[in-house]
Amino acid sequence: MKKTAQRFSFQRKETSGFTLVELLVVIAIIAILAAVVVLIINPLELTRRGRDAARLTDLANLQQAINVAVQESTGTASILCAGVGAGTGCTGTSGGAATRASNGSGWVKVDLSSQNSVSVPTLPADPLNTGVYVYTYTTNTPAAGQYPDKWEINAVLESQQQSGKMSTDGGNNNAVYEVGSDLVII
């Protein structure tokens with residue numbers, strides 16, 4: 001008797017794709033990574049920083065434009081309160097229905113449109129321009145017969161990174177960022 005070799009053939013079952021458990025593990029890992037990235041980046045804080053950067057730029061540009069306008073003024077009327085008589089101060093805010101005209105009728109009462117060295121076609125408005133997030137302009141109230149000679153513009157900064165500037169700007173109010181020739185008017 002002759003022995004014959006028996007052959008066993010093992011067939012391999014071919015599968016393609018992932019199991020449900022593998023997919024759930026990958027989705028859980030991606031979700032955890034996404035949550036960590038959102039916490040690290042903090043998109044709301046980045047948005048606040050962007051608005052604060054716009055505020056700081058607006059106030060710096062206005063400060064420079066008003067300083068140049070004051071240096072170029074030669075008349076006896078007040079450059080800081082266009083159209084207002086002697087002995088009175090003036091104020092304006094960028095919020096609400098305030099005009100952005102740069103001819104002295106806007107929320108900043110300085111006529112920046114007639115100056116030679118200053119080019120301010122329209123006054124800026126706060127990026128939010130509502131509630132406490134508005135720009136405020138005020139001049140001093142001088143003695144009778146005199147015109148205002150000091151001014152201040154305020155804005156509220158909202159980001160954690162920039163909010164420290166409100167207490168170190170040299171003004172008298174730690175809750176707002178102040179620029180101008182006299183930071184204790186408002």
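## Salt bridges

A salt bridge is a side-chain nitrogen of Lys or Arg within 4 Å of a carboxyl oxygen of Asp or Glu. This is a predicted model. By that rule, six salt bridges are counted in it.

Start with Glu45. Its side chain meets that of Arg48 in a salt bridge, at 3.6 Å from N to O. The side chain of Arg49 also forms a salt bridge with Glu45, again with 3.6 Å between N and O.

Arg48 is partly exposed at 27%, and Arg49 is partly exposed at 35%.

Arg51 and Glu158 join their side chains in a salt bridge, with 2.6 Å from N to O. This pair links distant parts of the chain, 107 residues apart. Arg51 sits in helix α2. Glu158 lies in the loop between β3 (151-155) and β4 (177-180).

Arg51 is partly exposed, at 21% relative accessibility. Glu158 comes to 16%; buried means under 20%, so Glu158 counts as buried.

## The aromatic pair

A pair of aromatic rings is described by the distance of the centres and the angle of the planes. The count here is one aromatic pair. The ring centres of Trp107 and Tyr135 are 5.7 Å apart, and their planes stand at 35°, so the pair is tilted. Trp107 and Tyr135 are 28 residues apart, and the pair links distant parts of the chain. Each lies in the loop between β1 (91-93) and β2 (136-139).

Trp107 has a relative accessible area of 2%, so it is buried. Tyr135 is buried too, with a value of 0%.

## The largest pocket

The largest pocket has a volume of about 150 Å³. Its lining includes Asp58, Asn61, Leu62, Gln64, Ala65 and Val68. Ser117, Val118, Ser119, Val120, Thr122 and Pro124 also line the largest pocket.

What is the make-up of this lining by class? Six residues are nonpolar, five are polar and one is charged.

Terms used: Residues are numbered from 1 along each chain as its sequence is written. This is a predicted model: local features need pLDDT of at least 70, side-chain atom pairs count only at pLDDT 80 or more; totals for chains, interfaces and linings use all residues. Side-chain values use heavy atoms; hydrogens and water are left out. On a 1 Å grid over the protein atoms alone, a cavity is a set of points where a 1.4 Å probe fits but cannot get out, and a pocket is an open set with protein on both sides within 12 Å along at least five of seven lines; lining residues have an atom within 4 Å of a point. Grid points are joined across faces, edges and corners, and a volume is the space filled by probe spheres set on the points. Ala, Val, Leu, Ile, Met, Phe, Trp, Tyr, Cys and Pro count as nonpolar, Asp, Glu, Lys and Arg as charged, and the others, Gly among them, as polar. Rings of Phe, Tyr and Trp (its six-membered ring) pair if their centres lie within 6.5 Å; planes under 30 degrees apart count as stacked, over 60 as edge-to-face and the rest as tilted. Helices (H or I, at least four residues) and strands (E, at least two) are DSSP runs, numbered from the N terminus. Buried means under 20% relative accessible area, exposed over 50%, partly exposed in between (1.4 Å probe, protein chains only).
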